[in-house]
Each structure stands twice: as structure tokens, then as C-alpha cells.
Amino acid sequence: MSKKLLSVLLSTAMVAALLVGCGNSAAETETPATETEEAAPTETEAPAETEAPAESTGMKVGVSMPTKDLQRWNQDGANMQKELEAAGYEVDLQYAGNDESQQLAQIENMISGGANVLVIAAIEASSLGEALDMAKAANIPVIAYDRLLMNSDAVSYYATFDNYKVGVTQGQYIVDTLDLENAEGPFNLEITAGDPGDNNAPFFYNGAMDTLKPYIESGKLVVQSGQTAFEEVGTPKWATETAQSRAENILSTHYAKGSGNNVDVWLCSNDSTALGVTNALAANYDGEYPIITGQDCDIANTKNMIDGKQSMSVFKDTRTLASQVVKMVGQILNGEEVEVNDTETYDNGTGIIPSFLCEPVFADANNYKELLIDSGYYTEDQLQ
């Protein structure tokens, strides 16, 4: 083998190894979150002449994503397909249009079509029982992707970000930005949480509320609407329009134009709900602009951060999660021990599901260039 060829092969192997790790790198999508489809992030690729075509493994992986309507899921699907195909797997990638019956049918077709492993991001956590029963009967391992599949013993593994820590990160951002340890307050807080049908949503909510609870109980944070329970603040399907409508009602009742009342903080669990809140504020509020949290670093929300209309967004690098899932798929199909780092947290109603949790970080106007542009997640043009 020539020295030149050996050098190329070694360089390619090093790049592949760097992409596989999952941890404290610049780490849902829930969800990003514009309600219209956005372009997926660009990624730097090695020159074509240095890449050898992947040798087919003869194995097929079914990948089920909830919808194309949210930017986040387009990115997850694209990243997953790219890495799985690069590893030599045939990929059957399907989007279900936020229709639970369609997702069920698509997964059943993947099973009958010969899938060897299924990777499923569910629309609703408990809606896929029939398909999961089929997978179990056919001895097809199932990886729950980002959202835990509930009430089924067919689920083999769960891959996600540390969802409780996502909420803690949002809550701690509020604590630090308002300097709640030292400031007198009180500050007005409102809360917009996620989809009650998404198993992740309570983790986001609880992480944030556990962090903020001492300040709410002491009266330093005051929720003027009185709406604090998850059942009161949840947003079905993470819909921007639903979040906007509820925010408009809260603003007209407690922070009407000309009232002099300020909402100081609006805790939003993800970017699609944050977008609804910012839309409501633009049309219905004339007080001092609040701190607004989010999650997923959607393009529209990142632009809002740059413009001062959103304070932060938790960044969950979908490339990192995709790399980990590809690694888990390979370990399953090769009969190897599957790497997990949590065997205590996620009970889907049939028992604890072995999980791999990637680490989230947050982006704001101060560090978005480093996290999102310098890493190749977005180009500068996408954020203009």
C-alpha cells in the first residue's frame, strides 16, 4: 500500500472516530421549532476522492420520524440517514405527518419490508403498541429515539439528550440572568410547557420548575396568571399557534398594553412554543421585554436571539445523537454489548429502558457563532 493511500485512510478513520462520540460536545430539535420546514444544517464533508463507498452490510434499518413540519425532525432524519448509509446499511426513512395512524402503518410496513432494527421517534408515546408487538414477534430490536416509547416491552434501548438537564439548564439561565440569589424582586414569570403526549415534556418542565421552585415559594418569582401545573401550561403537539393563543390570553388579562405591568420571564420549553410567545408579545405587549427560554436552536429562533427577541435556546446537536444511534445500531447487529450510560431514569411502564443520554448546552447571542456556525451546524447565510 502506498504511503499516500495509507495517509488518506488514516485521516478518514480519525474523522469518523471524532463524529461518533456523544457527550459534552456542542449538544432535540422539539423540537426546534418553526411550524414551516426549514433547511437542514450544512455539514463539512471530506473531499469525495478520499471517501470509499461503504460496503453494504445487507442489513436494513427502519427510521420513523414524527413530521417534516418542524425543522428539528428534518435534521434528525437527514443526519441519521446519512450516517447509517455511510456505515453500509440500507435505510427506510419515513415521516408520519404528525398522524399517529400513519406512523403506525409506516412502521408495520418497515417490519414487513425486512427491517433488522427500528429507530422510532414517536408522535405520541403510547400510540404504537400494535407495531411494537409485531416487532417483538419478529425479534426486531427497537431503539426509541429522543421520545421514550411507553407501555411496551418491545423497546430495547432509548437514545436521547438528558431531558431533565435541559429543563435545569433553562431554569438556571433564569436564575443567573436575573441574579435571583441577590436581587430583591419580585419578578413576574409565565410558563409555557410542551406536549402532554410527549414523554420528554414533563422532564423539561420538572427540571426547570425544580430549579425555580425555591424562588416561586419565596415570592421572588410571581406567576400572575396562577398557571403553574403542567396540566395548565402544556402545549399539545408543541404547536406555535396554540402557544401564541394562550400567551395572548395571559397578556390581555395580566399585562395589557398601558397597564404598566411587566412580564419579566417567560419559561418556554422549546423553540416552537417560544416562537408563539414572541409572536404574542409583538402584538399584545408594550412593557419591558422579558427573558424567553427555548430549546433546539431553530433557525427562526436563532435569528430572534440575534435580534434580542429570545434570550437563549438549549442546543441539542442532532449530529451527535445520530452518531450515537448509528453506533448502537452497529452494536446490536454485530451482537456486541450496546453502550448505555443510564439504567435508572427511564421507566416506560414495563420497566427501566437502558438509555444513552447526550449532554445539552445552551446558545445565546454571545456564543451562537461558536456553537452553531463554527461547528458547521448552520452557515452564516442561513441566519441572515
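Which way is the crossing of H5 and H6, left-handed or right-handed? In this predicted model, the two cross in a right-handed sense. Helix H5 covers residues 163-178 and helix H6 covers residues 200-217; they pack at about 35°, and their axes lie 7 Å apart.

So who's touching whom? On the H5 side, the contact includes Tyr 164, Val 166, Gly 167, Val 168, Gly 171, Ile 174 and Val 175. H6 answers with residues including Phe 203, Phe 204, Gly 207, Ala 208, Leu 212 and Tyr 215. Sorted by class, the contact of H5 with H6 has 10 nonpolar, 8 polar and 1 charged residues.

| Helix | Residues | Number of residues | First-to-last C-alpha | Expected at 1.5 Å a residue |
|---|---|---|---|---|
| H9 | 271-284 | 14 residues | 20 Å | 20 Å |
| H11 | 318-333 | 16 residues | 22 Å | 22 Å |

H9 is largely enclosed by the rest of the structure, because 10 of its 14 residues are buried. Among them are Asp 271, Ser 272, Thr 273, Leu 275, Val 277 and Leu 281. What sits over those buried residues? The cover includes strands S6 (187-192), S8 (265-268), S9 (291-292) and S10 (312-315), along with helices H8 (240-254) and H10 (299-306).

H11 is mostly covered too, with 14 of its 16 residues buried.

Terms used: Residues numbered from 1 in each chain as written. Predicted model: local features only at pLDDT ≥ 70, side-chain atom pairs only at ≥ 80, totals over all residues. Heavy atoms only, no water. Axes fitted to C-alpha atoms, helices over the stretch in contact; angles between N-to-C directions. Helix = DSSP H or I, 4+ residues; strand = E, 2+ residues; numbered from the N terminus. Left-handed = near helix turned anticlockwise from the far one by under 90°. Contact = heavy atoms within 4.5 Å. Nonpolar A, V, L, I, M, F, W, Y, C, P; charged D, E, K, R; others polar. Expected span 1.5 Å × (residues − 1). Buried < 20%, exposed > 50% of the residue type's maximum accessible area, 1.4 Å probe, protein only.
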